[in-house]
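Please look over the sequence and structure below. The report that follows takes the fold step by step.

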Amino acid sequence: MTLDRANREKLVRALAGTVIEHADELTSLDRAIGDGDHGLNMKRGFEAVLATLPDIADKSLPEMLKAIGMTLVMKVGGASGPLVGTFFMELGKALPEQPARADLVAATDRAINAVKARGRSEPGQKTLLDVLVPVQTVLANGGDARAIAAEAARAADRTAPMLAIRGRASFLGERSIGHMDPGSRSASLLIGAAVTTLEFEANT
Amino acid sequence: MSSSNSANVGIVIVSHSPKIAEGAADMVRQMVGSAVPLAWTGGDVDGGLGTNVAGILEAIETAWSPAGVAVLVDLGGAETNSEMAVEMLAEDRRARVVVCNAPVVEGAVIAATESSGGSSLAAVKRSAEEFYA
């Protein structure tokens with residue numbers, strides 16, 4: 001995995017593109033069990049990230065990830081801002097400029113722990129952690145881009161039968177069951193876009 | 001987003017709705033006048049329902065007191081964004097800002113009343129949170 005400037009710009013465009021393209025879907029998922037603003041909030045955040053191009057891609061990968069995280073924190077406007085933003089910022093703090101898989105495994109582990117702390121949450125509570133944690137396991141076990149993206153999509157699907165414990169959906173109690181968690185869906189979209197763009201190969 | 005000069009604990013009100021935040025601040029003012037530094041913020045950066053870290057940071061700045069600032073929040077995102085804002089403060093201020101686990105309107109009024117008597121940040125937080133107990 002090499003990340004030159006062109007690849008960094010491609011990565012930013014892919015992340016933003018998938019969120020913007022799926023904004024309506026995310027909003028409709030959130031309307032079912034939340035306050036119906038997830039798609040709009042994430043779109044606002046990633047449009048702000050896009051607006052930082054081309055300069056942001058001039059930065060090193062760690063600095064770029066920190067800048068993306070900070071933009072999301074400041075612009076998203078819901079709890080997803082600090083949660084997703086913290087994930088990016090912690091990745092940025094932990095990764096070297098040209099990461100190998102082991103670096104990515106360690107950095108995602110650190111970022112997931114930061115998200116847990118930020119949301120005072122654990123997997124199994126119908127949140128983005130239910131995607132981040134199983135995907136990180138596939139990454140740690142050497143899965144390629146396809147395996148990682150597939151697990152991200154499956155993990156988001158697996159949130160549908162879960163009972164929401166955290167966030168606005170928890171107000172619905174058992175009525176949260178049967179709907180996919182919007183934050184898990186957006187996490188799976190971001191992961192899918194990232195690994196596809198980076199052409200993640202097995203065991204590299 | 002008004003404030004006042006006082007050594008008492010400052011109060012910040014954070015709601016998804018700017019109307020609720022402003023209304024709660026009006027109720028606080030009615031109780032304590034200008035004895036307590038007070039600021040409110042609400043809405044996302046586009047003015048829709050939501051909360052935003054920049055607005056919260058600004059409100060903390062407005063309501064700043066050497067005695068500290070108690071932040072009252074409504075729903076999840078307001079809490080998460082407030083905790084994020086606190087972490088982004090300069091280190092010497094971070095320990096003097098607390099997010100209270102209390103209902104936003106009642107908590108703000110009780111916290112401000114406690115503060116107006118010169119109570120410590122810990123006492124202000126405790127009073128607001130006792131409403132839940």
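## Terms and basis

A residue is buried if 20 or more other C-beta atoms lie within 10 Å of its own, exposed if 12 or fewer, and partly exposed in between; C-beta atoms are placed from the backbone. Helices (H or I, at least four residues) and strands (E, at least two) are DSSP runs, numbered from the N terminus.

This is a predicted model: local features need pLDDT of at least 70, side-chain atom pairs count only at pLDDT 80 or more, and totals for chains, interfaces and linings use all residues. Residues are numbered from 1 along each chain as its sequence is written, while chains are lettered from A and ligands numbered from 1 in the order in which they are written.

## Strand β1 of chain B

Gly10(B), Val12(B) and Val14(B) point one way from β1(B). Ile11(B), Ile13(B) and Ser15(B) point the other way, and all are buried. Six of the six residues of β1(B) are buried, so this strand is largely enclosed by the rest of the structure.

Strand β1 (residues 10-15) of chain B runs parallel to β2(B), joined by five bridges. Two strands pair if DSSP finds at least two bridges between them. Ile13(B) has Trp40(B) as its bridge partner in β2(B). Ser15(B) stands opposite Gly42(B) in β2(B). With β3(B), β1(B) also pairs in the parallel sense, over five bridges. There, Val14(B) stands opposite Val73(B).

## The sheet and its helices

In chain B, four strands form an open sheet with parallel pairing, in the order β2-β1-β3-β4. β2 (38-42) and β4 (97-100) of chain B stand at the edges with a single partner strand each, so one side of each is left without a neighbour in the sheet. The twist averages 20 degrees from one strand to the next. Axes are lines fitted to C-alpha atoms, for helices over the stretch in contact, and angles run from 0 to 180 degrees between N-to-C directions.

Helix α1 (residues 18-32) of chain B lies across β1 and β2 of chain B, at about 165 degrees to β2(B). Helix α5 (residues 104-116) of chain B also packs on the sheet. Helix α5(B) touches β1, β2, β3 (69-73) and β4 of chain B, and its direction makes about 175 degrees with that of β1(B). Contact here means that the C-beta atoms of two residues, placed from the backbone, lie within 7 Å.

## The core

A nonpolar core is a set of buried Ala, Val, Leu, Ile, Met, Phe, Trp, Tyr and Cys residues joined through C-beta atoms within 7 Å. The largest has 93 residues. Those with the most contacts inside it are Ile11(B), Ile13(B), Ala70(B), Val71(B) and Leu72(B). Not counting residues up to four places away in sequence, Leu72(B) touches residues including Ile11(B), Ile13(B), Cys100(B) and Ala108(B).

## Glu79 and the chain contact

Glu79(B) is found in helix α3 of chain B. Glu79(B) is buried, with 20 other C-beta atoms within 10 Å. Not counting residues up to four places away in sequence, Glu79(B) touches Val73(B) and Val99(B).

The contact between the chains takes 14 residues from chain B and 16 residues from chain A. On the chain B side, α2 (53-62) and α3 (76-88) each give two or more residues. The largest share of that side, five residues, comes from α3(B).
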